[in-house]
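Okay, thanks for coming, everyone. Let me put the model up, and then I'll walk you through a few spots.

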Amino acid sequence: MTARTFISPPQASANILDSIGNTPLVQLRKLVPPGSACVVLKLEGANPTGNMKDRMAKAAIEAAARDGRLQPGGTVVEYTGGSTGASLAFVCAAKGYRCKIVTSDAFSAEKTRTCRAFGAEVTLIPSDGGKITEALIRKMMDAARRISQEPNHWWFDQLNNADAACGYYPMGEEIWQQSGGRVDAFVQSVGSAHSLNCRKRSTRSQSQPSCRCKRTVRIRRAVRPAEGLA
């Protein structure tokens, strides 16, 4: 039997990572009262894992690979409450890296299952009755630091990773382009505020005097209840 060669359709992407970003901008029509401002939503759930953190995972892993911190076949290590872990595990699976996630039973079991489904090795740090405490987070950090010292391991360290932060810049540019530069205010719920800070810089950079469309963009944030570390 002769093997058949599969030819990808012209519009099909050859790489699942190409589906990260460029998410839709959708106008709210029924929830906004008549005569109010035009309110639109950036649907980050359209990213492969359903989370904006796919953006930073891809950006930081690619940056670490470019400068040699992450070697071919290497292992990515991170402590997380789940969302970042799922995104890292997904990107690692697509790029051929191993992934080790440190988390706790204090966080969502579904997120832990998602990490494992993408092939990550998960280390669970026991909590004090499901409570998210400073002591728990420090134990998770210590475990990730210890694991990252193994040969050919690289610690993602999201809160101190400038490359991870840069992964969010394109979102601000997307919003500006998709709205035709008609942005007067930006609202986001945040956890660590990593994504908000970068999107704020990106969006505001579009409204500087060097741009043809000069607008002052107001930034508003709503702090997410601490299910904890993302």
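So, start with two helices: S83, G85, A86 and A89 in helix 2 meet K111, T114 and C115 in helix 3. "Meet" here is contact, heavy atoms within 4.5 Å, and helices are DSSP runs of H or I, at least four residues, while strands are E runs of at least two, numbered from the N terminus. By class, that contact splits into three nonpolar, three polar and one charged; Ala, Val, Leu, Ile, Met, Phe, Trp, Tyr, Cys and Pro count as nonpolar, Asp, Glu, Lys and Arg as charged, and the others, Gly among them, as polar.

Quick caveat: this is a predicted model, where local features need pLDDT of at least 70 and side-chain atom pairs pLDDT 80 or more, while totals for chains, interfaces and linings use all residues. Numbering runs from 1 along each chain as its sequence is written, and side-chain values use heavy atoms, with hydrogens and water left out.

Back to our pair: helix 2 (83–95) and helix 3 (109–117) pack at about 10°, axes 8 Å apart. Axes are lines fitted to C-alpha atoms, for helices over the stretch in contact, with angles from 0 to 180 degrees between N-to-C directions. So helix 2 is roughly parallel to helix 3, that is, under 35 degrees.

Strand 3 (75–79) and strand 4 (98–104) pair over five bridges, and V76 has C99 in strand 4 as its bridge partner.

Conventions: Two strands pair if DSSP finds at least two bridges between them. Angles under 35 degrees count as roughly parallel, over 145 as roughly antiparallel, 65 to 115 as roughly perpendicular and the rest as oblique.
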